[in-house]
Amino acid sequence: MLDAKALKELAAEVGRSKVFADREFRLAYSYDATGLEYLPDAVVFAESEADVVAALRFCRRRRVPLVPRGAGVGYTGGALAVQGGVVLVFTRMNRLLRLDRESMLAVAEPGLVTADLQAAAEKAGLFYPPDPASLKTSTIGGNVAENAGGPRCFKYGVTANYVLGLEAFLMSGEKVRLGAETIKNVAGYDLKSLIVGSEGTLAVVTRATLRLIPLPPVRRLFRVDFASLADGARFVQQVIQAHVQPSVLEFMDRSSLQAVYAYRNLPLDERLRAAVLLEIDGSPAEAAEREARLEDVVAAVRPLQRRRAESAAEQEELWETRRAVSPAIASLKPRKINEDIVVPAGRIPETVEFIAALGAELGLCIVLFGHFGDGNIHTNLMVDPADAGEMRRVDVALDRIFRRVVESGGTISGEHGIGLSKKPFMGYQFGPAELELLRRVKQAFDPDNLLNPGKIF
Ligand SMILES: Cc1cc2nc3c(=O)[nH]c(=O)nc-3n(C[C@H](O)[C@H](O)[C@H](O)COP(=O)(O)OP(=O)(O)OC[C@H]3O[C@@H](n4cnc5c(N)ncnc54)[C@H](O)[C@@H]3O)c2cc1C
């Protein structure tokens, strides 16, 4: 716990207008999208690299934890001060420093909001594809630290595929420049990629150089509805196998749709059990060819309904249904246990059926939706923590789901990271040798364990 003298020292070092230790501020920065709460001792708003250096120096000297934080919409507690200390917030360091049309790249401060970067790129006829559903709030720093994905990552890849270079500070205060402004770069170990997805535990990112690509001129959005969960999941695989190459391939099960339609006060077709949202993009010729392939698949599976958005308003309407899933299902039960498992494309239908059957067997409400194109099945166990019996059944379900996912060649997290909430499950993915290697990496970067401690391990 930082006493008044220490807080005074921090304010003097970083600047009074950037340091807050009153209870309201500490509370406001005590939680993220997990709903878990940990009070930091102080909140520091970095406005420049010098502020980052000063905050790191203070935490080193006082031997208190420093927790980097973007918008705080992470799903695994990564930005929470589990051991107190200083939360270093980057929302004031939010400038787009450069947008280089010739080299097709952008240089951003970590607090830049993802959607603002996308909008600036699109204005220049360019495209920054990583699109977490939280993109109107989340920051580039948070996206880099979590290696965020999103609907369009099925075709275009995740944040890591767009990070060319990083500037970052180690807990020791040393500044490191990793990567370059080029797509190719094999000089030395790929430390830049080690920082991407390191959840703020290895270094504090202060600048990111991001690759941009040409903006696809045509985008078309479709929704295909099914009367059975299995048909919907199989359709995802059929679309992949037919080489339709959609830019988005999102899935929603009956419970997701039921919750969204109730949330938006819309009538729901009784027969509807699953819906798949697809976007096709490219040049006009490419889009036409992909659409023809899609129509062949649709004709072969004979769904309940197929919709093609014919206007921007219809596109928005279809997107809104997908985006509303997370907030809508929150009303189903007091708590959502949100897993973002991934399986290889060939294992999607059997995994979906396995989880649905498990939910029925254990009497649990499990909602399935997400980026099924890349096998990222958002598995939401809706629970009441006050119900001890239900919580015991949840443990059984998670154990069986994680075992199955890893046996299928998948992973326990595709985009949300491990943070705090997935720590107990690391043993499903890694053996002692791998865990030890991960720990040694952490030690090499942060031997005193002051940077975002208590996460991942
Ligand atoms: C409704 C909703 C939908 C979502 N959809 C998606 C989705 O589709 N895909 C997806 O991938 N995620 C999704 N997420 C999760 C979340 O939005 C992402 O993980 C996002 O990247 C978090 O960004 P943030 O700025 O809020 O980071 P924070 O939550 O503030 O922090 C996340 C992690 O990044 C670290 N960090 C932040 N800034 C820095 C920095 N400058 N240097 C070093 N470390 C830093 C923190 O320490 C922490 O470990 C969703 C969340 C919500 C609430």
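Analyst: Here's a walk through that pocket, its lining and its surroundings.

This is a predicted model, so to speak of its ground rules: local features need pLDDT of at least 70, side-chain atom pairs count only at pLDDT 80 or more, and totals for chains, interfaces and linings use all residues. Residues are numbered from 1 along each chain as its sequence is written, and side-chain values use heavy atoms, with hydrogens and water left out.

The second largest pocket holds about 590 Å³ of space. A pocket here is an open set of points on a 1 Å grid over the protein atoms alone, where a 1.4 Å probe fits, with protein on both sides within 12 Å along at least five of seven lines; lining residues have an atom within 4 Å of a point. The volume is the space filled by probe spheres set on the points, which are joined across faces, edges and corners.

There are 28 lining residues, and Gly197, Ser198, Glu199, Ile418 and Ile456 lie nearest the centre. α7 (191-195), α15 (426-429) and α16 (432-445) are the elements giving two or more residues to that lining, with α16 providing the largest share, three residues. Helices are DSSP runs (H or I, at least four residues), numbered from the N terminus.

By class, the lining has 13 nonpolar, 11 polar and four charged residues. Ala, Val, Leu, Ile, Met, Phe, Trp, Tyr, Cys and Pro count as nonpolar, Asp, Glu, Lys and Arg as charged, and the others, Gly among them, as polar.

As for where it sits, the domain assignment gives domain 1 (4-89), domain 2 (96-214), domain 3 (218-323) and domain 4 (332-448); the bounds come from an automatic or database assignment. Domain 2 and domain 4 both give residues to the lining, so the second largest pocket lies between them.
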